[in-house]
Amino acid sequence: MAIYTGTNWGDPPEGTILQYRQQSSNSNWTNSSTQNWFEVLNYTITPKFSTSKILIMASICGGFGNCENSCMKVVRNSTDIFTGTGGGRNCAIGQAAVSDFSLRHRLSNSNYQCVDSPNTTSTVTYRIYLSTRSDDGNKSWRFNQPWDTNSDGYNYHGHSVITLLESAQ
């Protein structure tokens, strides 16, 4: 692996990391909306080459009111590029699940990685959305904290991160 640090290389070798961008959040909030998808993180990157690939990595922490499955999707600008199956109990992308109501004091973590080819040198915004199980109507969850935050001292918080790596092709 090489890291591109200059502007006079000509064409960098395939697989060279051209830039690294990371945004994190330790904020805490509760979502009680009935919408299926809710934006939790976003970050921008301006590719150096139109042929570059972008590796998108996300790690999202949360707690769920009914201890249900969750999944993530990735949106480039306003276009869905990778989406989990948010219906029913099947959440294929970045799934986190708590299966026992007695575990509502636990913090769940969803991790996800995907590669995108934006085919541009214009600024691109990647957005990470979270959804909970959609077949039971309950969409309540907490970002970066367990659902029960004051149960037997379980008042702790997580840290969610989105990382973007541009790679030469």
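Modeller: One term to start with: buried means under 20% relative accessible area. Keep in mind that this is a predicted model.

Biologist: Fine. Is Cys114 buried or exposed?
Modeller: Cys114 has a relative accessible area of 6%, so this residue is buried.

Biologist: And Cys61, buried or exposed?
Modeller: Cys61 counts as buried because its relative accessibility is 9%.

Biologist: How many disulfides are there in the whole structure?
Modeller: The search finds 0 disulfides.

Biologist: OK, on to the core. How many residues are in the largest nonpolar core?
Modeller: That core has 22 residues. Those with the most contacts inside it are Ile56, Val74, Tyr126, Ile128 and Leu164.

Biologist: Which elements give two or more residues to this core?
Modeller: They are β3 (38-45), β4 (53-64), β5 (70-76), β7 (108-116), β8 (124-132), β9 (141-143) and β10 (160-167). The largest share comes from β4, with 5 residues.

Biologist: What does Ile56 touch?
Modeller: Leaving out residues up to four places away in sequence, Ile56 touches Val74, Ile81, Tyr112, Gln113, Cys114, Asp116, Tyr126, Ile128, Thr163 and Leu164.

Biologist: Where in the chain do Trp29 and Phe143 sit?
Modeller: Trp29 is in strand β2 (residues 29-31) and Phe143 is in strand β9. They are 114 residues apart, and the pair links distant parts of the chain.

Biologist: Which residues make up the aromatic cluster?
Modeller: Trp29, Phe38 and Phe143 form one cluster.

Biologist: Why does Phe143 count as buried?
Modeller: Because its relative accessibility is 0%. Trp29 is partly exposed, with a relative accessible area of 24%, and Phe38 is partly exposed at 25%.

Biologist: Last one. What lies over the face of Tyr129?
Modeller: Lys73 does, at 5.3 Å from the ring centre.

Conventions:
Residues numbered from 1 in each chain as written. Predicted model: local features only at pLDDT ≥ 70, side-chain atom pairs only at ≥ 80, totals over all residues. Heavy atoms only, no water. Disulfide = S-S within 2.5 Å. Buried < 20%, exposed > 50% of the residue type's maximum accessible area, 1.4 Å probe, protein only. Core = buried A, V, L, I, M, F, W, Y, C linked by side-chain atoms within 4.5 Å. Helix = DSSP H or I, 4+ residues; strand = E, 2+ residues; numbered from the N terminus. Contact = heavy atoms within 4.5 Å. Phe/Tyr/Trp six-rings, centres within 6.5 Å; stacked < 30°, edge-to-face > 60°. Lys NZ or Arg CZ within 6 Å of the ring centre and 35° of its normal.
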